[in-house]
Amino acid sequence: MPDSSRIDVRKTYKLFIGGAFPRSESGRTYVAEDAKGRFVANAALASRKDARDAVGAARKAFAGWSARTPYNRGQVVYRIAEMLEGRRAQFVDEVSQSEGATARKADSLVAASIDRLVWYAGWADKVAQVVGSSNPVAGPYFDFSLPEPTGVVAVVAPPDSSLLGLVSVVAPAIVTGNTVVVLAAEGRPLPAITLTEVLATSDLPGGVVNVLTGRVAEVTPWLASHMDVNAIDLAGIDDAELARDLEVAAADNLKRVLRPRAETWTRTPDLSRMLWALETKTVWHPIGV
Amino acid sequence: MAFEYAPAPESRSIVDLQSSYGLFIDGAFVDTTDGRSFKSVSPATEEVLAEITEAGPGDVDRAVKAARRAHTRVWGPMSGAERAKYLYRIARILQERARELAVLESLDNGKPIKESRDVDVPLVAAYFFYYAGWADKLGYAGFGPNPKSLGVAGQVIPWNFPLLMLAWKIAPALACGNTVVLKPAETTSLTALAFAEICQQADLPPGVVNIVTGAGDTGRALVEHDDVDKVAFTGSTEVGKAIARAVAGTDKKVTLELGGKAANIVFDDAPIDQAIEGIVNGIFFNQGHVCCAGSRLLVQESVADEVLDRLKRRMATLRVGDPLDKNTDVGAINSAEQLAKIRALSEVGEAEGAERWSAPCELPERGFWFPPTIFTGVSQAHRIAREEIFGPVLSVLTFRTPAEAVEKANNTPFGLSAGVWTDKGSRILWMANQLRAGVVWANTFNRFDPTSPFGGYKESGYGREGGRHGLEAYLNA
């Protein structure tokens, strides 16, 4: 029997930037509640500067991460799945608390999240074979096309699906070599925060995934207008007006934009979430003696 | 000893110009209901070639409605195999009328007949042949077993490769089952109107292809039309950004093929003679009116003097003049407006301290002309190293190590193309890997092929045209 007189150790929740766990530079926090509106935790309330720090960390990590072999990236993403599996019970509790799901439902969502990571991990060294090509040009040239990561990807995580949705938008971006700044589900940040502890112990280089917690309306305009962000996934924007404004801001440096769309996160995905954040590079060389 | 060339003009009698042209809507040439007209001139002589219609919003709306009808009733439901046969038919007619189209293109655009005859028009036919073959094979393209067309495509193209850009836009759109409304650039409408005639000749069902001529306002009306499902644009980065803003919050799918400031990188072990040809081709092909032009020469310091000497010698042999002369290497600048831009940026280059050298050539008195020009002593901060000049002007920078070359090459918001000249295979692949650009030409430059995807990184736009990849833009994938 647990000792009911014991005072539990409460935790201060922080951001995850460049592999470290800083508080918001603004010093602000906000209250995360459970599905019934009860206090769960104080989460860091990310500011404009936090967003910019996160982009800086993601940019710094890009060269190294994108230069890893696809095999290695696949192993790292698989390792995330392993670490998540090891902390399954904690995630089931947190998903259940955040989303108001039954333990059974939460268990299946966590299982699906782990399986999703495994699925994407396997794509690391296959996507180039599926979407790359050798191009039979009409002349004495060898010509081939390969997918390459587009760079720093900002992601607004889905508000409803606090873990499975998050994993489903982050994994496809990083497995191909992009680095990510993700804003966790505003009202349900706890599973995302705990996921950062998994990421920090998964051989994932610091800065490849940076997790912010805070207000969608406050943080996303800074991400959308940041000139060193190459692409933005608006998965978690459910306000059409805001989605339009963000897309307008993203045009300043022609970010690739993934518009909000209806998603069933429990369904096995197609390739679209990997492909939208890839560039095609075509290389020509003459053939001759 | 200097070689003199006797003029060898291509006859323009093969071209049958009308004094004025209407809009091509729903299979017929029609008058505008709410537009105006403007004159199209030959940039080589400033002679008025024809009166062109500037379509108003009402005209654009009629064209989009015609395209919608054609998509719903005819082209959308038609089997891929039948669509393919129409496209093959068009490809054949393009080949049959190749000489006429080449002359017309050179007249209207100012590009040398050598280029329109040997590059542009053959590629135009090749793109139609290539995409014709895809029309009944889309299930094998990797976008699911039964990919669907998007509907009506609104397409806006530039003046540098008028007919070729039309082919890049229309061929894949039609192959995938879409119908199109295309707006050519205001200074180069004539080959698009000739293409409209070809659609009639091919008995293409009315409304499948609609051509609305005009300037920026016409393009805006098309891009912003509510019933357009897909927007495809090739042109400046500035307009590309405006389009990206205009389509925000809609369901329109967009591809943008925009500006560039490509580095053409010459290492000290490069085959120098070939590299010189590649540099010349990279920046003086099509008067430098090429989005993927190699407009920044990065040359390794140890061979910089030799490369520059040889480059100047080669530039002095370029024949600048009458686009219809078969000897001509460099034709006319497309418009007075573009010439003013090239002059203004060149003056900035001198003002900022770079050294200008232009090939000694006589320029015709009438028309719009600019001599092949290089700037040396250019730093990365100079505007001529950062901004797209879109003319026959090359900025020369130097580097010492491969890492420095990569750093300089990638130091631009653009990312359309790059060139690498070296004899070392592993270095080519390493450079190709490091360069943040959509197309890398190694020991060659400015090669195009319908099977080869083309498009940019970063602010050079998004989406790819050409090859299997080019289908994605026109499918509900």
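Is Lys458(B) buried or exposed? Lys458(B) is buried, because 25 other C-beta atoms lie within 10 Å. Keep that residue in mind. I will come back to its backbone.

One caution before we go on. This is a predicted model.

Let me start with the layout of chain B. The domain assignment gives domain 1 as 20–258 + 457–474, and domain 2 as 263–442. The C-alpha centres of these two domains of chain B are 30 Å apart. Their contact draws 22 residues from domain 1 of chain B and 27 residues from domain 2 of chain B. Which elements give two or more residues on the domain 1 side? They are helix H3 (98–109) and helix H4 (113–134) of chain B. By type, that side of domain 1 of chain B splits into eight nonpolar, seven polar and seven charged residues.

Next, the contact between chains. Here 34 residues of chain B meet 27 residues of chain A. On the chain B side, four elements each supply at least two residues: helix H8 (237–246), helix H14 (425–434), strand S17 (439–442) and strand S18 (461–462). The residues on that side of chain B are 15 nonpolar, twelve polar and seven charged.

Now the sheet. What is its strand order? Reading across, we have S3(A)-S4(A)-S10(A)-S17(B)-S16(B)-S11(B)-S12(B)-S15(B)-S14(B)-S13(B). That is an open sheet of ten strands with mixed pairing. The edges are strand S3 (133–134) of chain A and strand S13 (355–358) of chain B, each pairing on one side only.

Look at where the chains join in that sheet. Strand S10 (residues 278–286) of chain A pairs with S17(B) in the parallel sense, over three bridges. Trp284(A) sits opposite Trp441(B) of S17(B). On the chain A side, strand S4 (residues 141–149) pairs with S10(A) in the antiparallel sense, over nine bridges. There, Phe142(A) is opposite His285(A) of S10(A).

Further along, in chain B, take strand S11 (residues 263–266). Ala263(B) and Ile265(B) point one way, Asn264(B) and Val266(B) point the other way, and all are buried. S11(B) pairs in the parallel sense with strand S12 (residues 296–300) of chain B, over four bridges. Asn264(B) has Leu297(B) of S12(B) as its bridge partner.

Two helices next. First, H14(B). Which of its residues are buried? Met431(B), Ala432(B) and Gln434(B). Viewed down the axis of H14(B), these fall within an arc of 165°, so they line one face of the helix. The face turned away from that buried side of H14(B) carries the exposed residues Gly425(B) and Ser426(B). The buried residues of H14(B) pack against S10 of chain A. They also pack against S11, helix H13 (402–410), strand S16 (417–421) and S17 of chain B.

Second, helix H2 (residues 80–96) of chain B. This helix has 17 residues. From first C-alpha to last, H2(B) reaches 24 Å, close to the 24 Å expected at 1.5 Å a residue. Its buried residues are Arg83(B), Ala84(B), Tyr86(B), Leu87(B), Ile90(B), Ala91(B) and Leu94(B). They sit on the same side of H2(B), because they cover an arc of only 160° around the axis. What covers them? The cover includes helix H1 (57–75), H3, H4, helix H5 (162–175) and helix H6 (190–201) of chain B.

Back to Lys458(B), as promised. Its phi is positive, about 50°, although it is not a glycine. In general, most residues other than glycine have a negative phi. Lys458(B) lies in the loop between S17 and S18 of chain B. Asn443(B) is also placed in the loop between S17 and S18 of chain B. Asn443(B) has a positive phi of about 55°, and is not a glycine. Asn443(B) counts as buried because it has 20 C-beta neighbours inside 10 Å.

Last stop, chain A. Trp222(A) belongs to helix H8 (residues 216–225) of chain A. With 20 C-beta neighbours inside 10 Å, Trp222(A) counts as buried. What does Trp222(A) touch, not counting residues up to four places away in sequence? Arg48(A), Ala51(A) and Arg52(A). Trp222(A) and Arg52(A) are 170 residues apart in sequence, and 7.8 Å apart in space, C-alpha to C-alpha.

Key
Residues are numbered from 1 along each chain as its sequence is written. Chains are lettered from A and ligands numbered from 1 in the order in which they are written. This is a predicted model: local features need pLDDT of at least 70, side-chain atom pairs count only at pLDDT 80 or more; totals for chains, interfaces and linings use all residues. Domain bounds come from an automatic or database domain assignment. Two residues are in contact if their C-beta atoms, placed from the backbone, lie within 7 Å. Ala, Val, Leu, Ile, Met, Phe, Trp, Tyr, Cys and Pro count as nonpolar, Asp, Glu, Lys and Arg as charged, and the others, Gly among them, as polar. Two strands pair if DSSP finds at least two bridges between them. The expected span of a helix is 1.5 Å times one less than its number of residues. A residue is buried if 20 or more other C-beta atoms lie within 10 Å of its own, exposed if 12 or fewer, and partly exposed in between; C-beta atoms are placed from the backbone. The arc is that of the directions from the helix axis to the C-beta atoms.
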